[in-house]
Amino acid sequence: MMLLRLAWRNIWRNRRRSLIILTSVVVGLIAIVFIEAVVRGFMRQSLDNQLGTHTAHIQVHRMGYHDNPAIDRFIARPEVVDAALAADARIAASSRRVLATGLLSSARNSSGIMLVGIEPEREARVTIIQRSIVAGRNLGLEPREILISERMSRTLDVGLGDKVVAMSSTREGKVGSELFRVVGLFRTSIMEFDRVHAYIPHATAQSLIGAGAEAAEFAMVLHATTDLNAVRDSLRVVLGPEYEVQSYEDLIPTMAAMVELTERSMIIYYVILGLAMIFGIINTMMMSVYERIRELGVLKAVGMQDRMLFWMVLLEAAMLGTVGTSVGLVLGNALNAWIAVSGLNFSWFSEGLSSWGTGAIIYPVLDPLGSVRGGLLIVAMCVLAALQPALKAVRLHPMDAIRHL
Amino acid sequence: MTIPILQAEALEKTYHDNGVPVRALVPIDVAFDQGEFTVIAGPSGSGKTTLLNLLGALDAPTGGRVLFNGRPLEGLSKTELSKLRLHQFGFIFQAYNLIPVFTAVENIEFVLTLQGVAERDRRRRALEVMKELDIEALAHKRPNQMSGGQQQRVAIGRAIATNPAIILADEPTANLDSATGGVLLDLMTHMNQEHGITFLFSSHDPQVIERGRRVIRLHDGRIERDDRRPGA
């Protein structure tokens, strides 16, 4: 206790110097905690949007569809899959889709398209498409309705109520075509997605390509993503080898790996900050030891053992680190909590962000436990920085130190 | 025959100043008994501080040896020497050398902490010592709030609090005016006479030399005279 008191008071002997080093720790920590939360928010939003627009948590296809997405590799008995999904309480909602590539044409222009045949009510529980409608409405009961992106509407130079023609290959290898009326425009934060996707009623899509009652895929969301692998594996068992059950980590492995890598690499930010601070701490502790050489000599003379002297210097550095880190973490997390309410508006380069699928507003994601882990690393690095000054103190000869001017 | 508390046998010390050897002490033989009040006197450079440092295990001799209660200090590890200083020696320095961030009572308590005395006991002991030295009023003052004389009293308190076998005082009055120095010497004389604490001074202050019951005069690293006063 006495040693703690001594170390604590020693820190404040040179108040200005300690405040300068503390300020650098605090400012560094605030910056790191803020950057960490923004990067985490960026990556999470990117992944969430990717999952929310189409991928969902898990998808089911007929085996081989991924390698060759042809109509004859559609799921022949979708009711079997529906029944299996309905039986698993961990699945919150699922959507059945027909997918067809083709051409969408207006009177003035045409564009390549991925037609997604959906049951609007089911799809609305799985993806954010319904919530992304910026004009008009979602698909209704009419079979010749189409929902296109705002971007596509500009490409085709069409608006709500205008007619467009969709063409796609049928099962027989012929070209099927259908006239649709635009009932709604959507806008997601993923530019590439908006460029190619359009939604039509499920039955119309089946009829357009001659798919009968078949479906291309099932997409589903879970109540808890922690069940992701468990649900995937149990569906694989239930549905058997005729089906391919893939989680989003299987479907978009690069994205999933990047999110994980980013989260794990956050510690690098702390290491960089720690390395930058090490020199400041070494300098502070060295000066502190040099200023007290005479006093350290007296401590040794009256019987303080080297071990204790060593710990005293380390304790001083640990206290500096702990105070700076604690204040930095509290302020950094408070700043993030404040910004997380309204998000950070990056609309001045929303085009770039759109290609990442994050949206113009990034909401920092707090991870107090993660930042505490990072903070502990900073404290440990502060202690590491004090090793040399502590050894210097230990190596002092008491008599020479007492004589030191 | 009693064993001297502290003894120097053929003790010598040579320093090297820019590679040039300087003999601070030529081989010296001297012994100190329990309860002595001894002054090592001599002009500057005579070797008195060097002798005191060697006797106090603060420095290592280049020849000869020091014995504490008949046990040679040579060969003791740094930790063993630290423990010896902590438990057997009390030090009083010319410049007081109190810990500036501690109050007077904390400065006295600190050495007791190093000895492992329980918190409650060390506070009681520190206040007891302060009462004896009549510095209770200074208990919560830091060194920079005290005069030189007051600081030296606290330093004496720190030295006697651990009940050491011997107190080594290096020029304890050098930074004080003669009146304050006199009061402190009265105090130390009282400690010696009432409690039997052994004092070993190095000083060239006539006031200190006058109080010594044994005065060892050094000159050029040699013992020139070793006088015991009547009744010593």
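**Exercise 1. Strand pairing in chain A**

Task: Strand 3 of chain A is joined by five bridges to strand 8 (residues 197-201) of chain A; describe the direction of this pairing and name one facing pair. Then describe how strand 2 of chain A is joined to strand 3 of chain A.

Solution. The model is a predicted one.
- Step 1. Strand 3 and strand 8 of chain A run parallel.
- Step 2. A facing pair can be named here: Gly117(A) stands opposite Ile200(A), which lies in strand 8 of chain A.
- Step 3. Strand 2 (residues 91-105) and strand 3 (residues 110-118) of chain A run antiparallel, and nine bridges join them.
- Step 4. Within that pairing, Gly102(A) has Ile113(A) in strand 3 of chain A as its bridge partner.

**Exercise 2. The overall form of each chain**

Task: Compare the radius of gyration of chain A with what the globule rule gives for 405 residues, and do likewise for chain B with its 232 residues.

Solution. 
- Step 1. Chain A contains 16 helices and twelve strands.
- Step 2. For 405 residues the globule rule gives 22 Å, but chain A has a radius of gyration of 31 Å, well over that value, so chain A is more spread out than a compact globule.
- Step 3. The C-alpha trace of chain A spans about 100 × 45 × 30 Å along its principal axes.
- Step 4. Chain B contains seven helices and ten strands.
- Step 5. A compact globule of 232 residues would have a radius of gyration near 17 Å, and the 17 Å of chain B agrees with this.
- Step 6. The principal axes of chain B give spans of about 45 × 45 × 40 Å for its C-alpha trace.

**Exercise 3. Sheet and hairpin in chain B**

Task: Give the strand order of the open sheet of four strands in chain B, and name its edge strands. Then follow the pairings of strand 9 of chain B, with strand 3 on one hand and strand 10 on the other.

Solution. 
- Step 1. The order in the open sheet is 2-1-4-5, and the pairing is antiparallel.
- Step 2. Strand 2 (20-32) and strand 5 (71-72) of chain B each pair on one side only, which makes them the edge strands.
- Step 3. Nine bridges link strand 1 (residues 6-17) of chain B with strand 2 of chain B in the antiparallel sense. Lys13(B) has Leu25(B) in strand 2 of chain B as its bridge partner.
- Step 4. Turning to strand 9 (residues 214-219) of chain B, its pairing with strand 3 (residues 37-41) of chain B is parallel and covers four bridges. There Val39(B) is opposite Val215(B) of strand 9.
- Step 5. Strand 9 of chain B also runs antiparallel to strand 10 (residues 222-228) of chain B, joined by six bridges. In this pairing Arg217(B) is opposite Arg225(B) of strand 10.
- Step 6. Strands 9 and 10 of chain B make a hairpin with two residues between them, and Asp220(B) in the turn has a positive phi of about 50°.

**Exercise 4. The interface of chain B and chain A**

Task: State how many residues of each chain are in contact and how much area is buried. Then say which residues of chain A form salt bridges with Glu106(B).

Solution. 
- Step 1. On the side of chain B 29 residues are in contact with 24 residues of chain A.
- Step 2. The two chains bury about 2400 Å² between them, with 62% of it on carbon and sulfur atoms. Leu58(B), Val101(B) and Leu114(B) supply 21% of the area that chain B buries against chain A, more than any other three residues.
- Step 3. Three salt bridges are found across this interface, while the count over all chains is 41.
- Step 4. Glu106(B) forms a salt bridge with Arg9(A) at 2.5 Å, N to O. This pair crosses from helix 3 of chain B to helix 1 (residues 2-11) of chain A.
- Step 5. Glu106(B) also meets Arg5(A) in a salt bridge, at 2.8 Å, N to O.
- Step 6. Helix 2 (78-88), helix 3 (104-114) and helix 4 (119-132) of chain B are the elements that give two or more residues to the side touching chain A.
- Step 7. That side of chain B divides into 13 nonpolar, six polar and ten charged residues.

How values were computed. Residues are numbered from 1 along each chain as its sequence is written. Chains are lettered from A and ligands numbered from 1 in the order in which they are written. This is a predicted model: local features need pLDDT of at least 70, side-chain atom pairs count only at pLDDT 80 or more; totals for chains, interfaces and linings use all residues. Side-chain values use heavy atoms; hydrogens and water are left out. Contact means heavy atoms within 4.5 Å. Buried area is the accessible area (1.4 Å probe) that two parts lose on being put together, summed over both. A salt bridge is a side-chain nitrogen of Lys or Arg within 4 Å of a carboxyl oxygen of Asp or Glu. Ala, Val, Leu, Ile, Met, Phe, Trp, Tyr, Cys and Pro count as nonpolar, Asp, Glu, Lys and Arg as charged, and the others, Gly among them, as polar. Two strands pair if DSSP finds at least two bridges between them. The radius of gyration is taken over C-alpha atoms; the globule rule is 2.2 Å times the number of residues to the power 0.38.
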